[in-house]
Amino acid sequence: MKRIILITGGARSGKSSHAEKLALSLSPTPVYLATARIWDEEFRQRVIRHQQRRGPEWTNIEEEKELSRHQLIGRTVLIDCVTLWCTNFFFDVNADTDSALTAAKEEFDRFTAQDATFIFVTNEIGMGAISENEIQRKFTDMQGWMNQYIAEHANEVWLMISGIPVKVK
């Protein structure tokens with residue numbers, strides 16, 4: 001049976017760690033679907049730290065945008081993270097918010113049509129001050145709308161606050 005779980009929160013709130021523990025509690029062999037593009041050496045080191053935290057029981061897949069290319073029926077899949085995934089759509093269409101949001105929603109729908117357990121990790125980037133940078137404001141809007149879309153379709157939504165999971169839905 002299909003199940004969608006959304007885990008959201010701020011930077012360093014414990015989202016990924018909680019998602020990994022949850023995935024392992026649901027399956028002895030979960031899938032880790034990483035959406036990041038490597039921009040620089042510092043980010044490469046972050047990715048390596050994430051990878052080292054996971055053991056051999058994980059199937060690791062790197063996919064920047066087309067999640068639905070991967071048939072994962074019956075699996076528990078952790079998608080980390082929606083924010084980086086949305087960033088890929090956003091910048092590939094030159095910050096056209098509407099086009100990026102439409103493409104991300106369509107891809108989400110194709111991907112989650114599979115009968116699997118999906119754990120999406122995302123950031124709540126709109127909880128702070130409004131940026132003076134137009135591109136950042138546009139991305140914050142797009143990300144917030146995508147988070148709402150996923151939450152609407154989710155069976156469960158969790159907000160991470162200082163390492164503590166708080167059930168929202």
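# Reading a predicted sheet and its helices

User: Where does Lys169 lie?

Analyst: Lys169 lies in the segment after E7, where helices (H or I, at least four residues) and strands (E, at least two) are DSSP runs numbered from the N terminus. This is a predicted model, in which local features need pLDDT of at least 70 and side-chain atom pairs count only at pLDDT 80 or more, while totals for chains, interfaces and linings use all residues. Residues are numbered from 1 along each chain as its sequence is written, and side-chain values use heavy atoms, with hydrogens and water left out.

User: How should I read the accessibility of Lys169, and which residues is Lys169 in contact with?

Analyst: Buried means under 20% relative accessible area, exposed over 50%, and partly exposed in between (1.4 Å probe, protein chains only). Lys169 counts as partly exposed because its relative accessibility is 38%. Contact means heavy atoms within 4.5 Å; leaving aside neighbours within four places in sequence, Lys169 is in contact with Ala151, Glu152, Ala154, Asn155, Glu156 and Val157. The C-alpha atoms of Lys169 and Asn155 are separated by 7.3 Å, although the two residues are 14 residues apart along the chain.

User: In what order do the strands form the sheet?

Analyst: Strands of a sheet pair through backbone hydrogen bonds, either parallel or antiparallel. Here two strands pair if DSSP finds at least two bridges between them. Seven strands form an open sheet in the order E3-E2-E4-E5-E1-E6-E7, with mixed pairing. The edge strands, each pairing on one side only, are E3 (59-62) and E7 (164-167).

User: Which pairings show the parallel and antiparallel cases?

Analyst: E1 and E6 run parallel and are joined by five bridges, with Met160 in E6 as the bridge partner of Gly9. E6 and E7, by contrast, run antiparallel and are joined by four bridges, and Trp158 stands opposite Lys167 in E7. A further parallel pair is E4 (residues 76-80) and E5 (residues 117-121), joined by five bridges, where Phe118 in E5 is the bridge partner of Val77.

User: Which strands does H4 touch, and at what angle does its direction stand to that of E5?

Analyst: Axes are lines fitted to C-alpha atoms, for helices over the stretch in contact, and angles run from 0 to 180 degrees between N-to-C directions. Helix H4 (residues 97-111) packs on the sheet and touches E1, E2, E4 and E5, its direction making about 150 degrees with that of E5.

User: How do H3 and H5 cross?

Analyst: The axes of H3 (residues 82-92) and H5 (residues 134-153) come within 10 Å and cross at roughly 125 degrees. Angles under 35 degrees count as roughly parallel, over 145 as roughly antiparallel, 65 to 115 as roughly perpendicular and the rest as oblique; H3 and H5 are therefore oblique to each other. The contact includes Trp85 and Phe89 of H3, and Phe139 and Met142 of H5.

User: Which backbone values deserve a careful look?

Analyst: Most residues other than glycine have a negative phi, and most peptide bonds are trans. The peptide bond from Asp80 to Cys81 is cis, with omega near 5 degrees, and Cys81 is found in the loop between E4 and H3. Ala95, in the loop between H3 and H4, has a positive phi near 65 degrees and counts as buried at 4% relative accessibility. Ser162 also has a positive phi, near 50 degrees, in the hairpin of E6 and E7, which has two residues between the strands; Ser162 is exposed, with a relative accessible area of 69%.
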